[in-house]
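Work through the following exercises with the model open. Each task is followed by its solution.

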Amino acid sequence: MTDIEPRKSESLAPTSWDYAPAPESRDVVTLRERYGHFVAGDWLEPSETYTTISPSSEEPLAVIGQATAEEVDVAVGAAREAFANGWSALPGSERAKYLFRIARILQERSREFAVLESLNGGKPIKESRDVDLPLAAAHFFYYAGWADKLEYAFPNRAPRPIGVAGQIIPWNFPLLMLAWKIAPALAAGNTVVLKPAETTPLSALLFCDVVRQAELPPGVVNIVTGDGSTGAAIVTHEDVDKIAFTGSTEVGKAIQRELAGTGKKLTLELGGKAANVIFDDAALDQAVEGIVNGIYFNQGHVCCAGSRLLVQESIYEQLISKLKRRLSTLRVGDPLDKNTDVGAINSKMQLEKIEELVAAGKEEGAEIYQPPCTLPEKGYWFVPTVFTNVAQSYRIAQEEIFGPVLSVLTFRTPDEAVEKANNTMYGLSAGVWTEKGSRILWMAERLRAGVVWANTYNRFDPTSPFGGYRESGFGREGGRHGLEPYLRFE
Ligand code: NAI
Ligand code: MG
């Protein structure tokens, strides 16, 4: 046996472990120069337009229609006709076939959709590929299963479709929010007019292709693009029977005022300021991953983001130092790079809102930490940020920032944790980290939030109802609960 030769130099092992660029190919996506509105299974040439961009490079991607009230009216007319001329009377098992088909096509074309979603919205490809797309397909698959079982879902209540649903969605999960809206509406036998957010229309427009491929009868799904004025035209249209809205609390309140007394059904999924509560018996490394996933996932553009971290005082120093160390490993940059953890901020407007609130946090006396990080020159970016020394009265502890910014507070006892967690006008979600099952249940009973995650965060499943109360809105999406807003009972 030969002797193993000892290593001569100390520095032969690589010392730098930088990631090489790993960009996902853009070639799978073919963009048109110009898009119209998708009405009655065909493209309607828009009378007004604007240009949608990529927030990571500011490059223009396509010209998009800005629907006027007249164009919304045409779309609603198409939806009404499709509702009356067959869709609502179709046996549930037939509707299910279309939904299963849509689910399958989304799976087949998921790479194309994921790239487009990251291109137009700025989220990391890792997330659109592994979260948005699988969940969107799963929602269609799940609600396809209910379409012929409505009588069993609501026994002795004779469920019937309500008619035309107007659906207005935001820019943080464009395709996934489309799925949350369209899948239950169609399963219940309704037709829809959906408006994506003005900054992220492209995946909804590509979805029109899927609708055609699935041979869905024309007019069952109509997509109109445009800004808040288009949304308002949907809300006020007389022939719309139900409005489903996801977005800001401000617009949600305006919609509720507008619809009061009209008899139209309404569900609102609005903002949040969730507490993520870490007890001293929690598995800290696991908790740190949960905290990171809670607030830096999708650049913090998440209504249920764990934006207020409540840490038990006895583990405060240890946890914060672990968190800071973990933050320095997050890779911020090109959304299409497979190694990117934090992508681009969705729009200039959103970036300005984040900057304004972060400035307020410093001004009010909180201590800011940002890991060293080089940001791309073009596009909209914000470094993952942690604020410590935060008082409950600070704006960064009260207002939804909707960016990669965490506010840290402390507590001593479980009672104090509950009190601080509930000290918010919102009530969408919360997180609890502890080894004790009994404490999880004790907390979940007291936290005023629609969703409480235990030893995990930002987990979604189509079978699980999601929604808030207080200023986070009302109504539930997902699960059997998610069908109810799209049904009337005889
Ligand atoms: P927004 O509420 O204005 O936009 C959401 C959707 O509503 C978009 O499709 C928009 O075109 C539409 N819209 C706007 N005004 C409307 C009106 N008067 N009638 C009908 N539809 C209307 O939200 P924005 O301005 O994009 O973001 C502002 C803040 O809202 C964010 O910083 C964040 O705090 C919060 N937000 C919460 C979301 C959530 O998931 N709950 C999603 C997006 C924003
Ligand atoms: Mg707005």
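**Exercise 1. Find the residue that stands opposite isoleucine 368, and describe the strand pair it belongs to.**

Solution. Keep in mind that this is a predicted model.
- Step 1: look across from isoleucine 368. Phenylalanine 387, in β14, stands opposite.
- Step 2: count the bridges. β13 and β14 (residues 385–388) are joined by 3 bridges.
- Step 3: read the direction. β13 and β14 run antiparallel.

**Exercise 2. Give the strand order of the open sheet of 7 strands and identify its edge strands.**

Solution. 
- Step 1: trace the order. The sheet reads β13-β14-β15-β12-β11-β16-β17.
- Step 2: check the pairing, which is mixed.
- Step 3: pick out the edges. β13 (367–369) and β17 (451–454) each pair on one side only.
- Step 4: take the turn between neighbouring strands. With direction ignored, it averages 20°.

**Exercise 3. Classify the crossing of helices α4 and α6, and name residues that make the contact.**

Solution. 
- Step 1: take the axes of α4 (residues 125–146) and α6 (residues 174–187). They come within 9 Å and cross at roughly 5°.
- Step 2: apply the cut-off. Angles under 35 degrees count as roughly parallel, so α4 is roughly parallel to α6.
- Step 3: list contact residues. α4 contributes, among them, Leu133, His139, Phe140 and Tyr143. From α6 come residues including Leu175, Trp180, Ile182 and Pro184.

**Exercise 4. Describe the hairpin formed by β3 and β4.**

Solution. 
- Step 1: join the strands. 5 bridges link β3 (residues 49–53) to β4 (residues 60–65), and the two run antiparallel.
- Step 2: find a facing pair. Threonine 51 is opposite valine 63 of β4.
- Step 3: inspect the turn. There are 6 residues between the strands, and glutamate 58 in the turn has a positive phi of about 65°.

**Exercise 5. Which residues come nearest to ligand 1, and how much of the ligand does the protein cover?**

Solution. 
- Step 1: survey the surroundings. Of 27 residues around ligand 1, the nearest are Trp171, Glu198, Ser248, Lys353 and Glu400.
- Step 2: check the side chain of serine 248. One of its N or O atoms is 2.7 Å from an oxygen atom of ligand 1.
- Step 3: check lysine 353. A side-chain N or O atom is 2.7 Å from an oxygen atom of ligand 1.
- Step 4: take the cover. On its own, ligand 1 has 800 Å² of accessible area, and the protein covers 86% of it.

How values were computed: Residues numbered from 1 in each chain as written. Chains lettered and ligands numbered in written order. Predicted model: local features only at pLDDT ≥ 70, side-chain atom pairs only at ≥ 80, totals over all residues. Heavy atoms only, no water. Pairing = 2+ DSSP bridges. Helix = DSSP H or I, 4+ residues; strand = E, 2+ residues; numbered from the N terminus. Axes fitted to C-alpha atoms, helices over the stretch in contact; angles between N-to-C directions. Near = heavy atom within 4 Å. Polar contact = N/O pair within 3.5 Å; in protein donor to acceptor, adjacent residues only side chain to side chain. Areas by Shrake-Rupley, 256 points an atom, 1.4 Å probe, with all protein chains shown as cover. Parallel < 35°, antiparallel > 145°, perpendicular 65-115°, else oblique. Contact = heavy atoms within 4.5 Å.
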